[in-house]
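Below are some comments for a colleague on the packing, the ring contacts and the chain interface. They are set out as numbered points, to be read beside the structure.

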Amino acid sequence: MKSIPKLIRRFMGIMTLSIILLVTLNITFFAILFVRNASTFSPWDMADHAAAALQLTDSGYSLSDDIMAKLKEENAWAVLIDNDTRQVVWHTDHLPDNIPLQYTLSDIAELTRGYIDGYPTFTGTAQNGLLVLGYPKDRFWKHTRASWDYGFIADLPRNTMLLLAVNIVFVFLIYAAVDARLLRSIRPITNGIQDLSRGSPVCLKEQGILSELAEKINKTSAILQNQAEQLRKKETARANWIAGVSHDVRTPLSMILGYAGQLEASETLPETERKKAAVIVRQSSRMKDLINDLNLASKLEYDMQPLTRKQENAVSIVRQVVVDFMNTNIEDTFSFEWKTADTLSACYINADKDLLKRAIANLIQNSINHNENGCVIYASVDEDSTSCRICIEDNGTGASDQQIDRLNKTPHYMICDTNTTQQRHGLGLLIVKQIIKGHNGTMCIDHSEYGGFKVILIIPKSIYPPP
Amino acid sequence: MKEDYLLNKRILLVDDEQALLDLVLSILKDYGFQNIKTAKNVKEAMEQAEKSRPELAILDVMLPDGNGFALMEQLKKGGDYPILFLTARGEEDDKFKGFGLGADDYIVKPFLPKELLFRVLAILRRSYKDENPLVCLRDSQIDFSRAEVIKQGEHIPLTAKEHDLLSVLYRNAGRIVTIDALCEAAWGDNPFGYENSLMAHIRRIREKIEQNPSRPVSLVTVKGLGYKLIVEGK
């Protein structure tokens, strides 16, 4: 089944696309966040500004109002440590209690690394001392000044990409593994569905993640098989019924045909009586043909008569059928003309000889049945590069355009699935149609150039050269 | 055209239905057959066969105490004579194809009297052709046992091919035999491409049997289809 790899390819595509999208989205998000945070506010700048804005006046140190306002807003405090005495010489009003007012060198070193008693601190250089700006304890994320290895930072982009790649590969591997499992459980199901469509029985193992589906398919298969079996039984019963009836009619018909035949040939009976006997013979012969046709038609329709095809010479088959008619079944009012070219002694087709003979005999019988007053029947075999054309025509009453059209198009009542009381053509032509279909050929009904009815059977020529 | 030597042949007729036995009996008797025995089942048939030693058996396929095929095998043990089947079952056709079981011919019911007579006569002619003293034609006689033609007191020998062709034509006397059937009789299974040879042989046969070979009256041509041998009645 071709759709499974296609399905997987599509899934993989969608996944790759979603991974790329996610990564891009994340990078963009972080970049925006970072840029916004970084650009708005920096406490180091603030410390420098404050240090610059600190002025020594007569009444001591003082900070400009706007800086003071900003510090207040941030809830920050500031102290100025004198360079020489290392004592706090100035501080903002709301200084937390535990901030020392005297600093040692090591204290200074400590606070420049970040904190005084947990308060994040930032320093700026003022005129005579160091301005220390302190913020509330939870204003900034605490981190020690880890000394990042240079190599680590330098390789960071490459390593990040590598990590990302490894991640993606892992995701794919996991996906492939899961997919393979799913596929393993899907394959029997797709095979089962294919078998279903072919009409063969399906029995799947009902296990794994798709066991429910398998169970449903098994059920469907069982239903289909059951229906097919019922249909087969019905068709067999019908064909057997027809065969049975035709068998039972044969023996009584033998008596009628046999004795009427004797009466017809009797030399002691007067002419008028013999003629009556002849009518009985002719009509019972038609019944006999009907029984044979009915039986064969039902068998062909239900595929109970398999064709056994061999390489045969169509010319010789048609000749034999015509001669059989001339030898037995023919009244004086009917005559035959053989119209096959003398140069064509053989035309090889792949045929079931008995059935093809039957088809041709039916066509001839058809001409006889429809021309009570007699006619000339013309038989010919013709060929072109690919097919063999067998033509049976007569100079009898023929048929109207409308009738011919109907014969070519409407189905016979035996194979017509709508209720109909309309009189259709006889079984004879149906059998010809069925037989020719079995030979991959076509049947065409037309007007004859001799004035009557014409049927052409076109059968593909045998591919292999004659033996 | 009646051949007396055939009419004396002993025929065994087996069918479980009395009406059908009567019919066949009537057809054969009307034609002139005189030695006909009947049986209605396998048991009777075996008894009758032992008593009357038939030269042709006509058997129904379905019998009350067995089938015709088994009966045929039993009959064949008692003597080698031709067997013709009567069957009401179209679907039995396959069994008869090629007559693999040793049947010589079969007729599907219902049948016309002339059809039955033709089959019976054809089988008898084929099986007992050497007993026929002479086949009479308009201008000559054929002696199959010696493979020669007697025309105006002169004995003209037939070649093997001419003998084969005439045998087939005689077996189907009064009927057309197709070109293909004649070629097959003379040249075997793949008889195609022998049409010209056949014409040459027919011409030579006519020279032997006809008064005027260019205007044949006994071996006539049916244009495009085949040939017909016309045998004179006695």
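Which residues form one aromatic cluster with Trp44(A)?

1. The cluster is formed by Trp44(A), Phe122(A) and Tyr135(A). As a caution for everything that follows, this is a predicted model, and the structure holds ten aromatic pairs over all chains.

2. Among these pairs is the one between Trp77(A) and Tyr119(A), whose ring centres are 5.9 Å apart and whose planes stand at 80 degrees, so that the arrangement is edge-to-face. Because Trp77(A) belongs to strand 3 (residues 77–82) of chain A and Tyr119(A) to strand 6 (residues 119–125) of chain A, the pair ties together parts that are 42 residues apart in sequence. Trp77(A) counts as buried, with a relative accessibility of 3%, and Tyr119(A) also counts as buried, with a value of 15%.

3. A tilted aromatic pair is made by Phe325(A) and Phe336(A), with 6.3 Å from centre to centre and 50 degrees between the planes. Here the link runs between helix 8 (residues 314–327) of chain A, which holds Phe325(A), and strand 9 (residues 334–338) of chain A, which holds Phe336(A), the two residues being eleven residues apart. Both Phe325(A) and Phe336(A) are buried.

4. In chain B, two arginines deserve a look for their placement over rings. The charged end of Arg125(B) sits over the ring of Tyr170(B), at 5.4 Å from its centre, while Arg175(B) lies over the face of Phe118(B), 3.1 Å from the ring centre.

5. The largest nonpolar core has 72 residues, and those touching the most other members are Leu28(B), Phe33(B), Ile58(B), Leu59(B), Leu116(B), Val120(B) and Leu229(B). Helix 2 (residues 18–31) of chain B gives the largest share of this core, namely seven residues. Apart from this core lies another, of 51 residues, which includes Ala351(A), Ile360(A), Ile364(A) and Cys388(A).

6. Strand 3 (residues 56–60) of chain B is largely enclosed by the rest of the structure, because five of its five residues are buried. Leu56(B), Ile58(B) and Asp60(B) point one way from this strand, whereas Ala57(B) and Leu59(B) point the other way, and all of them are buried. Ile58(B) and Leu59(B) are also among the core residues that touch the most other members.

7. Strand 3 of chain B pairs in the parallel sense, over four bridges, with strand 1 (residues 10–14) of chain B, and it pairs in the parallel sense over four bridges with strand 6 (residues 83–87) of chain B. Leu59(B) takes part in both pairings, as the bridge partner of Val14(B) and as that of Phe85(B) in strand 6 of chain B.

8. At the interface, 29 residues of chain A are in contact with 34 residues of chain B. The area buried between the two chains is about 2900 Å², with 60% of it given by carbon and sulfur atoms. On the chain A side, Arg250(A), Gln262(A) and Arg319(A) supply 19% of the area that chain A buries against chain B, which is more than any other three residues.

Note on methods. Residues numbered from 1 in each chain as written. Chains lettered and ligands numbered in written order. Predicted model: local features only at pLDDT ≥ 70, side-chain atom pairs only at ≥ 80, totals over all residues. Heavy atoms only, no water. Core = buried A, V, L, I, M, F, W, Y, C linked by side-chain atoms within 4.5 Å. Buried < 20%, exposed > 50% of the residue type's maximum accessible area, 1.4 Å probe, protein only. Phe/Tyr/Trp six-rings, centres within 6.5 Å; stacked < 30°, edge-to-face > 60°. Lys NZ or Arg CZ within 6 Å of the ring centre and 35° of its normal. Pairing = 2+ DSSP bridges. Contact = heavy atoms within 4.5 Å. Buried area = accessible area lost by both parts, 1.4 Å probe.
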